[in-house]
Amino acid sequence: MTTAGLWVDAHLHADKYGEAERDAMLRGAFEDGIAAVVAVSTDLASCEMNRALARRFAGRVLPAYGFHPEQPVPDATELDTMFRWIRERNAEGERFAIGEVGLPYYTRTDAERKGQPFDERPHLELLDRFAALAAELDRPLVLHAVYEDADKALDAAERRGVRRLHFHWFKGAESTVKRMIDLRCRISVTPDVLYEEEIRSLVRTYPLELTMTETDGPWPFEGPFAGKPTRPAMVKEAAKAIAALKEMPVLAVQERLLQNAVEFYELQG
């Protein structure tokens with residue numbers, strides 16, 4: 001991967017942008033100083049599309065292959081097909097991460113609020129399977145796991161021996177944050193760090209050397225970004241906000257955030 005650029009969007013749903021705008025958006029991002037993006041997947045079709053983007057933008061798009069947890073778990077045949085496909089990519093020597101995977105916090109708690117039954121067991125089993133795969137292939141594991149679900153994800157990762165853990169858009173208790181820091185887990189910070197106190201508090205606490213930036217695009221943001229389409233270049237503003245919260249020079253923080261993403265995802269070489 002190349003690192004020509006100063007910022008990394010470490011969590012982007014590139015495949016979720018409209019076909020007509022996707023390539024132009026990525027080209028524009030790289031021309032605007034974005035070194036690379038990590039294109040996370042939500043299912044097998046998403047994996048295949050992100051693989052195609054990684055080939056089209058060689059050295060600038062790193063794909064992550066997985067199944068987003070905020071949706072029903074597929075049947076065994078569909079899952080076996082996905083895991084076989086990922087192993088084929090590994091056998092071919094491709095660069096990729098595992099993700100986005102995790103647990104369905106928002107779906108589960110919404111069902112609980114409505115008094116509806118929710119069986120978390122299939123999701124826990126699938127997370128365990130992805131953690132085992134990440135450990136087996138020695139790939140970064142990109143996690144959608146917030147609040148109490150983060151501890152469940154940490155349990156699975158520790159049990160399986162995953163070496164590199166990235167919690168995207170994390171929110172959670174101080175005890176969980178401490179555990180994540182002790183385990184050297186990475187987090188990535190979205191543009192809502194400009195206006196969301198929960199995220200701002202996390203940034204003040206979390207070590208800079210374990211922090212990256214992301215947009216989770218095309219997810220829309222509020223505050224100064226209200227009504228604006230989400231683009232990778234928004235990580236520039238997140239980096240500035242992190243510098244302000246850390247009371248450090250912007251350039252030093254920017255360089256460290258870039259280094260973190262490059263090292264964690266092995267974006268150079």
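Visitor: Is Arg 129 buried, partly exposed or exposed?
Guide: Arg 129 is partly exposed, at a relative accessible area of 32%. Buried means under 20% relative accessible area, exposed over 50%, and partly exposed in between, using a 1.4 Å probe and protein chains only.

Visitor: What kind of model is this?
Guide: This is a predicted model: local features need pLDDT of at least 70, side-chain atom pairs count only at pLDDT 80 or more, and totals for chains, interfaces and linings use all residues. Residues are numbered from 1 along each chain as its sequence is written, and side-chain values use heavy atoms, with hydrogens and water left out.

Visitor: Back to Arg 129. Which residue does its side chain meet in a salt bridge?
Guide: Asp 80, at 2.8 Å from N to O. A salt bridge here is a side-chain nitrogen of Lys or Arg within 4 Å of a carboxyl oxygen of Asp or Glu.

Visitor: What does that pair tie together?
Guide: Asp 80 lies in helix 3 (residues 76–91) and Arg 129 in helix 5 (residues 121–137), so the pair ties together parts that are 49 residues apart in sequence. Helices (H or I, at least four residues) and strands (E, at least two) are DSSP runs, numbered from the N terminus. Asp 80 is partly exposed as well, at 35%.

Visitor: Which residues do salt bridges with shared partners join into one network?
Guide: Arg 108, Glu 112, Glu 120, Glu 148, Asp 149 and Lys 152.

Visitor: And how many salt bridges by this rule?
Guide: The count is 31. Another one pairs Lys 236 with Asp 32, at 3.2 Å from N to O. Lys 236 is in helix 9 (residues 235–246), and Asp 32 is in the loop between helix 1 (19–31) and strand 2 (34–40), so this pair links parts 204 residues apart in sequence.

Visitor: Lys 236: buried or exposed?
Guide: Buried, at 18% relative accessibility. Asp 32 is partly exposed, at 39%.

Visitor: New topic. How many residues are in the largest nonpolar core?
Guide: It has 73 residues, and Ile 86 and Phe 167 have the most contacts inside it. Such a core is a set of buried Ala, Val, Leu, Ile, Met, Phe, Trp, Tyr and Cys residues joined through side-chain atoms within 4.5 Å.

Visitor: What does Phe 167 touch?
Guide: Not counting residues up to four places away in sequence, its contacts (heavy atoms within 4.5 Å) include Leu 143, Met 180, Cys 185 and Arg 186. A second, separate core of 17 residues includes Phe 264 and Leu 267.
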